[in-house]
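This report describes a two-chain complex from its chain architecture down to individual residues. The sequence and structure are shown first.

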Amino acid sequence: MTAALPAVPMMRRKGVRLALRYLIAVLLVIVFLFPIYWLFMMSFKTPGEIFAYPPVWYPKSLQLKSYIDLFPNGDAATVLNSLILAGASTVIAMILGTMAAYSLVRFKTGGENLAVWIISQRMVPPIAIVFPVFLLYVFFGWVDTYHGLIILYTAFSLPYVIWMMRGYIEDIPLELEESALVDGCSRWRVLWRVVFPMARSGLFATAVFTFIFAWNDFIFALVLTRTEVTTYTVQVTHYFGGQSNFWSKISAMSVLGTLPVFIAVATLQRYLVRGISMGAVKG
Amino acid sequence: MADLKITGLHKRYGHVPAVRGIDLEVPSGEFTVLVGPSGCGKSTLLRTIAGLEEAQEGTIEIGGRVVNHMRPRDRDIAMVFQNYALYPFMNVFENIAFGLRARKTPVAEIETRVRRAADMLGITNLLDRLPRQLSGGQRQRVAIGRAIVRNARLFLFDEPLSNLDAQLRDEMRSEIKRLHQELGRTMIYVTHDQIEAMTLADRIVLLKDGLIEQAGSPLDLYERPATHFVAGFLGSPRMNFIPAKLAGNGTGMAVRLADGTTLPLPGNRAGLSASAGRAVTLGIRPQHFSRDAAQLSGPGAAQLSVKIELVQPTGARAFITFPLGGTPVMAELAAHDAREPGETIDLYADMNRAVVIDPEGGKVL
């Protein structure tokens, strides 16, 4: 008796392997998406449904009470705060960072050392400096102010923006800029008319990640704000009480907090993918 | 007044000299070609003229004004780049209009000038397209259009045809020549291709190692090269170089080759008599051989009997290779004059056109 290949014909073997792959993929998707789905659903459930056992997979009707409750006391306004802080710091960091990156690439400002030093700033764990910064802010009177946090988020985002934009700008053919210089552009006009449009995908990708970093920040917002400039990340923690947690508020607030980033990434998706892959492949 | 005047120009990259002392004057309306092998400094020279590189020493004057410290945009120049440098996010119209917009030209005037340039280059039907929808030749036309729309005093071309295939290059070469005739502007053109140089130039400036080896009309450099380098650079196929010795020949001078063949030099070379016995290099172009003595440029034909080693037909002409003086030599003949490899034929060498080169310094004697 010869040891032969399994009697299963080739096509069926391929079909089984494909089905297995799909199964694993579906399982992974469920594992990753389920918490988001649950959070979403929880925000529409009544308190009774939240704690029900066996679990209610889909509420009988979509209750908006959890959301409505967020508005009278200004809880929802914290989302606006986050938007202002993350938005402003992203815009400022992108403008300053791109200009700095351009200078590093085209004028070789500071040589190789400056570029590496800048990115090394990113290696500082935020928690290591949050208290010294707090003391500094007390001295300046910047605690619990919009500009205080905007400055901080900008400072923290700049190394990342400079590092990313440096790569994108290096990919722009020098001849395009030289041609613009000969044709009549000043360096500023070259930056605005040639560099920005050419690096558009990179700009969007970097901006989105910069925004997300500021948006998700908790430690700085916690230490450096009190009552005036509460961000949504801090606000959510207010619903965790000593004896009980306001799950409906927690979930509604979390959904509200996730929504802006969701929308931003969904609309900018095609720039994002191009931007990320462009940065990956050089030349 | 010269449109361009360069005096004593030196340019280094760090410690590496790229341009080592160049003086050049380009009169208005002339088409000057800077040509030379890679690394000779021609692109560096062009970019320094444009203001994209800074010279360490020397002056550059455009239209009588010293422009050394002026920004590129103030130097009254337009430039066409090797890789077209078209903005991929703008259509053809916007690409051509870019410079005009940057200089705040009125909208109506932009429209007129862009359309006129497009008509001149035959790209009017492409004005709405994006660069990625164009072929290489079309892109180059757009790049040229962007330059000519600006009415600059000086036009600079940095190897604009290097990226095109051979057939397209021939077409575009004629385009550029025609444009120069129509516009009559001063043009400075950089290339490594000696055929482009010969066909386009009013004047060729041949560069080597950052210095001007020889400057003159194409025919000047071709017929009367000053050095071995110039003689070997221009002309396709390359000039043949054969080691030889100068010898007295009764009435005049001659060159004696390693295999004993003696080729008499025409009477006007009598000035070499003082150097009899000296080692030289004989330079003679493939085109200066013929089967028919009457075809040569005058008395001074040397008769040879040669054994053909190789035949390369190209249609109407054929290149034959044969040993002469111990060196493989190529001759260009009419196709019907060539024979088969192995056969021996009679050839006449036009010694009027030949050059005698000092092997030490490379200078033509």
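## Domains of chain A

Chain A is divided into domain 1 (17-63) and domain 2 (70-280), the bounds coming from an automatic or database domain assignment. The C-alpha centres of these two domains of chain A lie 32 Å apart. Their contact takes 6 residues from domain 1 of chain A and 6 residues from domain 2 of chain A, two residues being in contact if their C-beta atoms, placed from the backbone, lie within 7 Å. On the domain 1 side, helix H1 (10-42) and helix H2 (47-50) of chain A each supply at least two residues. Helices (H or I, at least four residues) and strands (E, at least two) are DSSP runs, numbered from the N terminus. H1(A) provides the largest share of that side, 3 residues. By class, the side of domain 1 of chain A that touches domain 2 of chain A divides into 5 nonpolar, 1 polar and no charged residues; Ala, Val, Leu, Ile, Met, Phe, Trp, Tyr, Cys and Pro count as nonpolar, Asp, Glu, Lys and Arg as charged, and the others, Gly among them, as polar.

## Model and confidence

The structure is a predicted model, in which local features need pLDDT of at least 70 and side-chain atom pairs count only at pLDDT 80 or more, whereas totals for chains, interfaces and linings use all residues. Residues are numbered from 1 along each chain as its sequence is written, and chains are lettered from A and ligands numbered from 1 in the order in which they are written.

The predictor gives the complex an ipTM of 0.83 and a pTM of 0.81. For chain B the mean pLDDT is 89, with 97% of its residues at 70 or more; pLDDT is the predictor's confidence in each residue, from 0 to 100.

Helix H10 (residues 200-216) and helix H13 (residues 247-267) of chain A pack with their axes 11 Å apart and at an angle of about 175°. The axes are lines fitted to C-alpha atoms, for helices over the stretch in contact, and angles run from 0 to 180 degrees between N-to-C directions. H10(A) and H13(A) are therefore roughly antiparallel to each other, a class that takes angles over 145 degrees, with those under 35 roughly parallel, 65 to 115 roughly perpendicular and the rest oblique. H10(A) contributes A:Val208, A:Phe211, A:Ile212 and A:Trp215 to the contact, and H13(A) contributes A:Val261, A:Ala264 and A:Val265. The contact residues divide into 7 nonpolar, no polar and no charged.

A:Thr237 lies in helix H12 (residues 232-237) of chain A. A:Thr237 counts as exposed because it has 11 C-beta neighbours inside 10 Å. A residue is buried if 20 or more other C-beta atoms lie within 10 Å of its own, exposed if 12 or fewer, and partly exposed in between, with C-beta atoms placed from the backbone. The C-alpha atoms of A:Thr237 and A:Ile250, 13 residues apart along the chain, are separated by 8.0 Å.

## Architecture of chain B

Chain B comprises 8 helices and 21 strands. Its C-alpha atoms fill a box of roughly 75 × 45 × 35 Å along the principal axes, and 40% of its 365 residues count as buried. Among contacts in chain B with a separation of 6 or more, 66% join residues 24 or more positions apart.

Chain B is divided into domain 1 (2-233) and domain 2 (240-357), whose C-alpha centres lie 39 Å apart. In chain B, 4 residues of domain 1 are in contact with 5 residues of domain 2. The domain 1 side of this contact has 2 nonpolar, 2 polar and no charged residues.

B:Pro243 is placed in strand S11 (residues 240-249) of chain B. With 15 C-beta neighbours inside 10 Å, B:Pro243 counts as partly exposed. Leaving aside residues up to four places away in sequence, B:Pro243 touches B:Ala258, B:Thr281, B:Gly325 and B:Thr327.

## The interface between the chains

Across the interface, 13 residues of chain A are in contact with 16 residues of chain B. Helix H8 (174-183) and helix H9 (187-198) of chain A are the elements that give two or more residues to the chain A side. H8(A) gives the most, with 7 residues. The chain A side divides into 7 nonpolar, 2 polar and 4 charged residues.

In helix H2 (residues 92-102) of chain B, 8 of the 11 residues are buried, among them B:Val92, B:Phe93 and B:Leu100. The buried residues of H2(B) pack against H8 of chain A, together with helix H3 (107-121) and helix H4 (136-148) of chain B. Just after H2(B), B:Lys104 takes a positive phi of about 60°.
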